[in-house]
Amino acid sequence: MKKTMLAILAVFAIYQQSQAQDIPEWKVVTVVESIVPAGIGRSRMIENMTEINTEDYRTSRTNGTKSNQGSVRRKDIKVDEFDETKLLNFFSIGGINFQNIASNDAMIGARIMELMAEGWDLRFVTSGVESDGGAEDGQGIFITRMFFSRPSQ
């Protein structure tokens, strides 16, 4: 009876340890596509390559108003290692350039396939736009974030 109980406890302990290590890895790929007229904007696919500990940049409020956010400098948060893939802009001199959009789709799709071959699963996609506000604005981006996960390596 004691051997059976010890065996059950050992199996349970091993199972609990393996469950604790099943936290998946996450990767975020951000696509920024310029919607600046005449194709003068910049469009890129960006992937962070730096391990970050958010605890180093997190502060707490004690009563809802007092914060020590001043102790975290923005320049310390910036990462130096990231992959950058050049993409084409949505607009050319003649307006919307559908060939550029199809080319970007091909690049983004190819990167998704590469990541899937590396064991990553596409979990979520979110997007937003800051559009051109008229003749005097000259600004605008379409941003898409793709969230991937895979079992811890």
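Student: Which residues does phenylalanine 148 touch, not counting residues up to four places away in sequence?

Tutor: This is a predicted model, and a contact here means heavy atoms within 4.5 Å. On that basis, Phe148 touches Glu25, Trp26, Lys27 and Val29, together with Ile112, Leu115, Trp120, Asp121, Leu122 and Arg123.

Student: Which residues make up the largest nonpolar core?

Tutor: In soluble globular proteins, nonpolar side chains tend to be buried together. Here the largest such core has ten residues: Val29, Val31, Met45, Leu87, Ile108, Ile112, Leu115, Trp120, Met146 and Phe148.

Student: What pattern does the chain follow along the sequence?

Tutor: The chain has three helices and seven strands, arranged as α-β-β-α-β-β-β-α-β-β. Among contacts between residues at least 6 apart in sequence, 63% join residues at least 24 apart. Of the 153 residues, 22% count as buried.

Student: What volume does the largest pocket have, and which residues are the closest to its centre?

Tutor: Its volume is about 600 Å³. Of the 19 residues that line this pocket, Trp26, Val28, Asn48, Met49 and Thr50 are the closest to the centre. β1 gives the most to the lining, with six residues, while β2 (43-48) and β7 each supply at least two. By class, the lining has ten nonpolar, four polar and five charged residues.

Notes:
Residues numbered from 1 in each chain as written. Predicted model: local features only at pLDDT ≥ 70, side-chain atom pairs only at ≥ 80, totals over all residues. Heavy atoms only, no water. Helix = DSSP H or I, 4+ residues; strand = E, 2+ residues; numbered from the N terminus. Buried < 20%, exposed > 50% of the residue type's maximum accessible area, 1.4 Å probe, protein only. Core = buried A, V, L, I, M, F, W, Y, C linked by side-chain atoms within 4.5 Å. 1 Å grid on protein atoms, 1.4 Å probe; cavity = no way out; pocket = protein on both sides within 12 Å on 5 of 7 lines; lining within 4 Å. Points joined across faces, edges and corners; volume = space filled by probe spheres on them. Nonpolar A, V, L, I, M, F, W, Y, C, P; charged D, E, K, R; others polar.
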